Amino acid sequence: MTMIPFLIGIPAVFALIFPFVRDQKARGVIVYTGAGVIMLTTVVFTARWIADGSQVMMLYPETETVDHLMSVGDIALMCLIIYMGAKYRRIVPILLSVAQTALLLYTEFTTEVAAGPHMVVDWFTILMFIIIAFIGGFICIYTVGYMKGYHSHHKDVQDRQPFFFSMLFLFLAAMFGLVLSQNMIWMYFFWEITSVISFLMIGYTRSEEAVNNSFCALWMNLLGGLGFAVAIAWMAKVSGTVQLQDVVSAGAMLPLMCLALAGLTKSAQLPFSTWLLGAMVAPTPSSALLHSATMVKAGVYLLLRISPAFSGNLVGIIVSSIGGFTFIMASMMAIAQNDGKKVLAFSTISNLGLIVGCAGIGAEETVWAAVFLMIFHSVSKSMLFQSVGATENTLGSRDIEDMHGLIIRVPKLAYIMGIGIAGMYLAPFGMLISKWVALKAFVDSGNFVLVLCIAYGSASTMFYWTKWLAKLLCYHIPRETVKDVTRKDEYVSMIFHAATMLLLCLLLPLVAVWVVNPIVQELFGNAKDVISMSVLTTMAIMLVSIFIVPAAMFFISRRSHRELVPIYMNGINEGDNRFFTNSFGEKEHLYLSNWYLRFEFGRRHLRIPSLIIAAAALVLGFCIVIGGAV
Amino acid sequence: MKPVIFVLAYLILAPFVGALLDGIDRIVSARMQRRKGPSLMQPFYDLGKLFSKEMIAVNNVQLLLNLSYLVILMIAGSMLFAGADLLMVLFILSTADMFLIMAASSDSSPFANMGASREMLQMMAYEPLTLLVAVGFYLTTGSFQVSDFLTRDYSAVIWMPGLLFGFMFTTAIKFRKSPFDLSTSHHAHQEMVKGITTEMSGTTLAIMNIAEYYEMILLLGIFFLFFVNSTWWSWIVAFVVCALIFFMETLWDNVSARVKWKTLLYSCWVVTLVAGGVNILILMLIK
């Protein structure tokens with residue numbers, strides 16, 4: 001396919017343009033064009049691939065020149081890390097970076113590896129393309145409007161928008177490359193690019209906190225990169241191949257464990273979840289991108305690719321246990337947060353934990369559920385981050401407490417946020433269907449611990465989403481009116497996401513049959529039909545519960561005549577539900593707060609123990625694997 | 001044909017049976033307290049009175065949300081009685097509860113909001129066990145389909161006594177029985193006033209009550225599944241045991257006082273882990 005270089009090249013070229021465009025309007029136009037072109041190429045590519053019979057394509061067996069260019073690129077990345085590390089006096093990233101680059105180059109130049117395809121196009125790649133192009137593209141469009149609002153709020157932050165947009169587009173390019181790669185050396189190159197770009201994006205504001213957090217993200221991801229490099233070196237020395245699919249077919253434990261480490265760091269699983277929480281200091285679009293279309297999805301993408309090899313061995317047990325443990329601990333810690341973005345971050349970690357848990361089992365059903373979770377998580381998380389970002393620009397705060405009655409103050413944002421939240425956990429929506437399948441698959445695979453994790457974890461998940469949703473929908477008379485400063489392009493992006501979410505729910509059985517089943521088929525060679533109900537029944541239930549019941553009830557309840565009265569306050573209501581007369585006979589303002597269970601579920605109590613347990617599991621796994629391998 | 005009859009019977013009879021059970025519950029409770037208690041038909045009179053009242057509301061969405069609560073509960077119950085997937089039934093059940101919580105917190109009422117928060121906590125407390133019950137049925141009968149549970153040669157309870165105990169323990173939450181009646185109570189003079197129902201009145205409250213009856217029958221239906229098997233007499237046994245369980249919930253209601261939320265959450269989670277978790281573990285090892 002001649003189009004593949006363009007898929008990676010187009011975003012990269014756009015990234016190169018931004019440093020030279022200083023005019024805000026022109027930049028906006030270029031971003032819109034860029035996002036549009038990326039989506040268009042993806043659609044054309046997908047359409048042509050399907051028209052050609054949607055066969056798995058192995059590409060580029062001979063790529064001497066590009067290989068050398070990539071080595072140069074690896075060295076350049078290392079130099080950049082050394083420079084940044086020296087500038088801010090951080091030694092760990094430098095050591096990690098030098099170690100892995102040296103190991104990789106040594107392997108590349110001393111070991112002969114069997115020739116093989118460097119890139120592969122199959123259903124999984126296509127799905128990732130669509131997620132990256134559309135979710136990522138719309139996030140870029142959203143960013144144009146968001147950054148205007150951001151810089152009018154944060155006057156102290158230096159305006160480095162050209163740099164920011166370059167990074168966004170470069171990220172998309174790297175992701176395209178990553179999901180295409182079959183050769184691990186190529187994949188490693190793109191993997192490192194995503195690590196470095198996320199480091200640069202997190203440090204956007206250059207405040208002390210931002211610098212600290214960005215280096216935290218860097219060293220953790222470089223640790224994963226080191227794992228990746230070790231896996232490559234081992235495979236090249238022992239098996240004489242650097243193909244990802246050979247890792248699966250060979251099934252050697254050490255490279256699997258090392259790749260699992262890479263996947264776990266990138267998808268921010270315990271004990272590495274700190275970096276994703278710290279990533280919030282950056283402007284919201286970068287969080288939206290890191291959490292939904294890119295970065296963390298790269299981690300689970302890798303794990304899902306190699307998941308058939310996890311089936312029934314020690315590495316699989318370690319990976320799935322860490323995933324399940326992360327699912328439950330992160331969802332508990334989310335309860336105690338009142339910062340909207342923190343809740344979203346914990347929920348990302350927790351949902352990825354479920355996906356990782358599924359990947360670690362490595363059975364058809366679990367991978368089916370994992371792919372489904374990934375699709376739904378991308379859409380709703382991107383939408384939630386965008387709406388929280390827009391709310392922050394409008395209200396000047398992203399505290400969930402300040403979103404009390406958002407439905408009255410900024411109804412449009414509240415609706416979008418509500419759909420996003422509902423998509424994350426309510427019954428007819430996809431996340432829940434995937435949880436259902438995952439639970440069944442965990443039982444089938446006989447994994448008792450994961451069954452417990454999902455049972456408790458979904459309960460705590462329900463708690464933190466419900467209280468947020470209830471806060472949004474609380475009716476009250478606002479103290480002061482707020483002006484919605486959300487720009488049109490931001491709404492375009494958010495409405496696209498909301499519409500996608502609803503459509504995905506409605507068309508859920510079709511998505512399952514057309515997209516998810518082929519992916520499972522390609523990974524395992526055979527596919528079961530996982531949803532037990534018939535397609536039409538499922539669709540009917542979805543339709544009824546999402547659209548028909550609320551709509552019908554709306555019309556029924558509207559017909560009734562009623563008299564509106566003030567609420568009961570256990571003191572005389574002063575008339576407008578905001579003040580009551582207290583026991584001193586004075587007028588007192590009513591303030592309602594959510595319930596955070598801080599002393600029971602706070603990060604303070606749960607963070608350290610969970611880090612220790614997860615790290616212990618990981619170290620134990622490594623010890624056993626290395627002991628077995630040597 | 002059979003599922004259609006079951007579903008219709010559920011949709012038509014559940015509120016009546018539920019109200020009758022409520023009436024029996026009140027009489028039995030009264031006798032335990034050495035009172036005479038109201039007449040058996042009192043819940044019907046109450047409902048009639050609520051419907052006859054003038055419509056007074058704190059906002060325009062509460063009725064809508066309560067109606068959605070009712071309808072989605074009816075859907076969940078119908079799926080159970082039609083023999084559909086038990087997990088799906090449980091998931092839809094919690095979605096229905098979500099509408100009740102939204103209805104309670106749809107206004108900035110302090111007591112209704114407190115009730116709603118407590119209701120969320122209660123959901124968090126009972127949710128793990130309900131999922132484990134579904135898993136237990138799956139391990140015992142090899143299917144999540146309720147219709148398949150009825151065709152086995154043995155009753156599920158033989159394999160899942162721990163889960164039955166756990167379910168009885170946590171169902172006190174759903175039946176809104178003491179010691180777990182944190183989110184609302186039958187008496188408005190307590191610390192939470194009326195909790196989630198504080199701001200509901202007239203038709204809105206009546207709808208909520210009817211929905212609770214539907215839910216009660218749904219839960220008793222799940223208890224029923226523990227005992228029923230392919231023989232005809234197991235149905236009678238199941239009916240009797242369900243009545244017994246209902247009586248025990250009433251008894252427990254009368255002999256215990258409301259607990260604090262921590263006790264509720266931790267006790268439910270520990271019972272889930274010990275009774276439910278161990279039961280599931282044994283099932284997984286044997287099956």
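## The interface between the chains

In this predicted model, 47 residues of chain A are in contact with 50 residues of chain B; two residues are in contact if their C-beta atoms, placed from the backbone, lie within 7 Å. Four elements of chain A, namely α19 (430-444), α20 (448-473), α23 (535-559) and β3 (563-564), each supply at least two residues of the side that touches chain B. Helices (H or I, at least four residues) and strands (E, at least two) are DSSP runs, numbered from the N terminus. The largest share of this side of chain A, 14 residues, comes from α20(A). By residue type, the side of chain A that touches chain B comprises 32 nonpolar, twelve polar and three charged residues. Here Ala, Val, Leu, Ile, Met, Phe, Trp, Tyr, Cys and Pro count as nonpolar, Asp, Glu, Lys and Arg as charged, and the others, Gly among them, as polar.

The two chains are also linked by strand pairing: β3(A) and strand β1 (residues 56-57) of chain B pair in the parallel sense over two bridges. Strands are taken to pair if DSSP finds at least two bridges between them. In this pairing, L564(A) stands opposite A57(B) in β1(B).

## Basis of the description

Residues are numbered from 1 along each chain as its sequence is written, and chains are lettered from A and ligands numbered from 1 in the order in which they are written. As the model is predicted, local features need pLDDT of at least 70 and side-chain atom pairs count only at pLDDT 80 or more, while totals for chains, interfaces and linings use all residues.

## Overall form of each chain

Chain A contains 25 helices and five strands. Its C-alpha atoms fill a box of roughly 85 × 55 × 50 Å, taken along the principal axes. For 630 residues, a compact globule would have a radius of gyration near 25 Å, and the 25 Å of chain A agrees with this; the radius is taken over C-alpha atoms, and the globule rule is 2.2 Å times the number of residues to the power 0.38. Buried residues make up 57% of the 630 residues in chain A. A residue is buried if 20 or more other C-beta atoms lie within 10 Å of its own, exposed if 12 or fewer, and partly exposed in between, with C-beta atoms placed from the backbone. Of the contacts in chain A between residues at least 6 apart in sequence, 80% join residues at least 24 apart.

Chain B has ten helices and one strand, in the order α-α-β-α-α-α-α-α-α-α-α along the sequence. Its C-alpha atoms fill a box of roughly 55 × 45 × 40 Å along the principal axes. The radius of gyration of chain B, 19 Å, agrees with the value near 19 Å for a compact globule of 287 residues. In chain B, buried residues make up 57% of the 287 residues.

Leaving aside residues up to four places away in sequence, I232(A) touches L104(A), T107(A), M184(A), I185(A), Y188(A) and V242(A).

Helix α19(A) is largely enclosed by the rest of the structure, because 14 of its 15 residues are buried. From its first C-alpha to its last, α19(A) reaches 21 Å, close to the 21 Å expected at 1.5 Å a residue; the expected span is 1.5 Å times one less than the number of residues. After α19(A) comes G446(A), whose phi is positive, near 75 degrees.

## Loops with particular backbone features

A cis peptide bond joins L270(A) and P271(A), with omega about 0 degrees. P271(A) lies in the loop between α10 (253-266) and α11 (274-278) of chain A. In chain B, the peptide bond from S178(B) to P179(B) is cis, with omega near 5 degrees.

R206(A) is a residue other than glycine with a positive phi, near 60 degrees. R206(A) is exposed, with 11 other C-beta atoms within 10 Å. R34(B), also not a glycine, has a positive phi of about 60 degrees, and with 6 C-beta neighbours inside 10 Å it counts as exposed.
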